[in-house]
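These are my notebook entries on one protein chain. I set down what I looked up, entry by entry.

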Amino acid sequence: MDGIQPQPRLRDQVRAVIRVNRYSIRTEKFYWYWIRFFIRFHQMKHPRDMGPKEVNEFLTWLAVTRNVAAATQAQALNAVVFLYAKVLDIPLGEIGSVIHSKKPKRLPVVLSHDEAMVIIEKLKGPYRLLASLMYGSGLRVTEACRLRVKDIDFSNQVIIVRDGKGAKDRTTLMPGTLISELQRQIGAVQKSWKEKDLTHQTPVSLPFALARKYPKADMSLDWQWLFTSQSLTKNDFGKVVRHHIHTSSVQKAAKVAVSTTGIGKPAGCHTFRHSFATELLKRGNDIRTVQDLLGHADLRTTQIYTHVLGQGFAGVRSPLG
């Protein structure tokens, strides 16, 4: 019929709402994965034709049949709640009693300072500086990979983390020993940018909202990734852009480095961040300061490191001294 606009596809609706709310691309991918999984689980029924009962069945199946981790089940729930509340404007309300995945109480693996440095020394190229930032500044691997030139504040000797976990910004420490390395890295980025991307008018990848707000930012040095991908890619609009180094390549390099040291711990990229926290606490730093540097919303998340160090026993000593 004339004058009636076709309803956008659900995928497009989800993408539009996520970007209006300025969620990260990573969150967008995870949310769509679980929304699509939910729909397929219920034999391709449209979410408008389902409700709390179907959500309950899906989450319970994840816990009982798929045996997913508690965090994975929570991520699926967040995605489905977002779909109903934000996209379809149909709040779910009470979904009933769900069988929850069991969350094992495990302490994080941490490295001593010497162990961390041995692993870092095994890494080559940008991976060494990336690992140094994860250990020296407490960055997550995604946060380290997504640093831009403008996020390195030499005057205040801080690193600015943009759109971290929970879509929050924060500042963290810039190790003095890394200043010259960071300056060299920025110099290398500038040289490559001038010789390749500026010459061929290849923009750096930007979130849609930022690209619209700052139309010339994608061709400026300040917005270049600190660790760029060697290959070009296409964004969601089919435009060829320069993206940052992929997290999987960093994780693979870290695993290889750990295996060659013979340390014997199941360490990876996130272990550097755990080790950053334990080292700061071991040196007598206030736990709330460590919480801020890590970007933890809840102090209880940071307190797990006191148990790693054996500081959670209120001064109790062993009978053997």
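**Entry 1. Helix α1.** I looked up what the buried residues of α1 pack against, and found α2 and α4 (70-87). I took helices (H or I, at least four residues) and strands (E, at least two) as DSSP runs, numbered from the N terminus. Helix α1 covers residues 10-20, and its buried residues are L10, R11, Q13, V14, V17, I18 and R19. Buried here means under 20% relative accessible area, exposed means over 50%, and partly exposed lies in between, with a 1.4 Å probe and protein chains only. After α1 comes R22, which has a positive phi near 60 degrees.

**Entry 2. Basis of the values.** I note that the model is predicted, that local features need pLDDT of at least 70, that side-chain atom pairs count only at pLDDT 80 or more, and that totals for chains, interfaces and linings use all residues. Residues are numbered from 1 along each chain as its sequence is written, and side-chain values use heavy atoms, with hydrogens and water left out.

**Entry 3. The chain as a whole.** I found 13 helices and five strands in the protein chain. The C-alpha atoms fill a box of roughly 75 × 65 × 35 Å, taken along the principal axes. Of the 321 residues, 42% are buried. I also looked up contacts, meaning heavy atoms within 4.5 Å. Among contacts with a separation of 6 or more, 60% come from residues 24 or more positions apart.

**Entry 4. Helix α10 and its partners.** Two packed helices are described by the angle between their axes and the distance between the axes. The axes are lines fitted to C-alpha atoms, for helices over the stretch in contact, and angles run from 0 to 180 degrees between N-to-C directions.

I first looked up α6 (residues 126-137) against α10 (residues 247-261): the angle is about 90 degrees and the axes are 10 Å apart. The two helices are therefore roughly perpendicular to each other, a term that covers angles of 65 to 115 degrees. On the α6 side the contact is made by Y127, L130 and M134, and on the α10 side by S249, V250 and A253. Nonpolar covers Ala, Val, Leu, Ile, Met, Phe, Trp, Tyr, Cys and Pro; charged covers Asp, Glu, Lys and Arg; polar covers the others, Gly among them.

I then looked up α5 (residues 113-122) against α10, where the angle is about 115 degrees and the axes are 9 Å apart. This crossing of α5 and α10 is right-handed, that is, the near helix is turned clockwise from the far one by less than a right angle. V118, I119 and K122 of α5 meet A257, V258, T260 and T261 of α10. By class, this contact of α5 with α10 has four nonpolar, two polar and one charged residues.

**Entry 5. The strands.** I counted two strands as paired if DSSP finds at least two bridges between them. Four bridges join β2 (residues 158-161) to β3, and I159 has T172 in β3 as its bridge partner.

The antiparallel strands β4 (residues 228-234) and β5 (residues 240-244) are also joined by four bridges. K234 stands opposite V240 in β5. Five residues lie between the strands of this hairpin, and G238 takes a positive phi near 80 degrees there.

**Entry 6. The loop between α8 and α9.** Which residues does V204 contact, leaving aside its neighbours within four places in sequence? I found R148, A217, D218, W223, Q224, W225, V241 and R242. V204 lies in the loop between α8 and α9 and is buried, with a relative accessible area of 2%. Its C-alpha atom is separated by 12 Å from that of S231, 27 residues apart along the chain.

Q201 lies in the loop between α8 (179-197) and α9 (208-213). Q201 is exposed, with a relative accessible area of 54%, and has a positive phi of about 55 degrees although it is not a glycine.

**Entry 7. Q43.** I looked up Q43, in the loop between α2 (25-41) and α3 (52-64). Its phi is positive, near 55 degrees, in a residue other than glycine. Q43 is exposed, with a relative accessible area of 67%.

Definitions and conventions
Parallel < 35°, antiparallel > 145°, perpendicular 65-115°, else oblique.
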